[in-house]
Amino acid sequence: MKLYTYLQDGKERVGAERDGYIYPVKNAEDMLSLIRGGEVRISDENGIKADEAVLCAPIPRPAQDVICLGINYTEHGREAAEYNKEAFLRERPYAIYFSKRVSEAAAPGAEIDSYAGLVKKLDYECELAFIIGKDAKNVAREDAPGYIFGYTVINDISARDLQTDHKQWYFGKSLDGFTPMGPCIVTADEIGYPPVLAVKSYVNGEPRQNSSTEYMVFDPVHIITELSQGMTLKAGTVIATGTPAGVGMGFDPPRFLKSGDEVVCEIEGIGRLINKIR
Ligand code: MG
């Protein structure tokens, strides 16, 4: 099932898609309460055409910082190390976790500030994100898939200069607008496990990333099992699984984003997340 947050009469609503129409869900105020409630009851109100709906990010205001995986595709590790050895070249027997502040996730179609006075090296990262469906602590590997509520697309927009200057990636990944999300959440039952989905991005129509989630180094089961040994992953937690090769810093010379560029992040079975740089 595809779940959306969308605007109707200026108000955010949660809906489910059926035959090209989005119908409001009647038992939830917002997506987080729908996830925590665990059941989707579709109302018999009139639906609206999915391709005409004004979409918000599926989780417009995550309850906590988004958890991210760094360098979770081998080819992306290689291009990052070529761009900046000191920052990115290392052996990686363990997953790299960092987080991203998201006061408000940018909607599909939203313009993203380029922060011209602050950022000179603005980059895109198309990523599969998964959403935890129930509080997870000490989860066994075989149970881990059952903790995944669904999947969405995130563009992990990154200011490479802030990211490397400050050593910790938090600031360079967390500027307002740096987490476009959407267009929907596809529930886990529809994707199956493990997710094997094409991951692609385009800048101004030109293909940049073209890979598959099957090449992910640490998969959602690994991530849930490992993190939940010591921390509770609350229902509604968003975890971005890292990006494949083909980001702007991977080109020689690098091809960073500039004002007016259109970035499309596309994941098979979920959809296209399109944003323009302001
Ligand atoms: Mg990333």
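Start by selecting Glu 127 and Asp 156 in this predicted model: both residues are buried. Colour by secondary structure and you'll see Glu 127 in strand β10 (residues 126-132), while Asp 156 sits in the loop between β11 (148-155) and β12 (158-159). They are 29 residues apart, so to speak a link between distant parts of the chain.

Now show the magnesium ion. Its protein donors are Glu 125 (OE), Glu 127 (OE) and Asp 156 (OD), at 1.9 to 2.1 Å from the ion. Read along the chain, these donors give the spacing E-x1-E-x28-D.

Next stop: Thr 243. Look for it in the loop between β16 (238-240) and β17 (262-267). Buried or exposed? Thr 243 is buried, because its relative accessible area is 2% and the cut-off for buried is under 20%.

Last, pick Ile 59 and Ile 270. Within the largest nonpolar core, which has 87 residues, these two touch the most other members. Strand β10 supplies the largest share of this core, six residues, and at least three residues come from each of domain 1 (2-55) and domain 2 (66-277). Zoom in on Ile 270: leaving aside neighbours within four places in sequence, its contacts include Lys 2, Leu 128, Tyr 151, Val 153 and Pro 183.

Methods:
Residues numbered from 1 in each chain as written. Predicted model: local features only at pLDDT ≥ 70, side-chain atom pairs only at ≥ 80, totals over all residues. Heavy atoms only, no water. Donors = N, O, S within 2.8 Å, 3.2 Å for Na, K, Ca; no water. Helix = DSSP H or I, 4+ residues; strand = E, 2+ residues; numbered from the N terminus. Buried < 20%, exposed > 50% of the residue type's maximum accessible area, 1.4 Å probe, protein only. Core = buried A, V, L, I, M, F, W, Y, C linked by side-chain atoms within 4.5 Å. Domains from an automatic or database assignment. Contact = heavy atoms within 4.5 Å.
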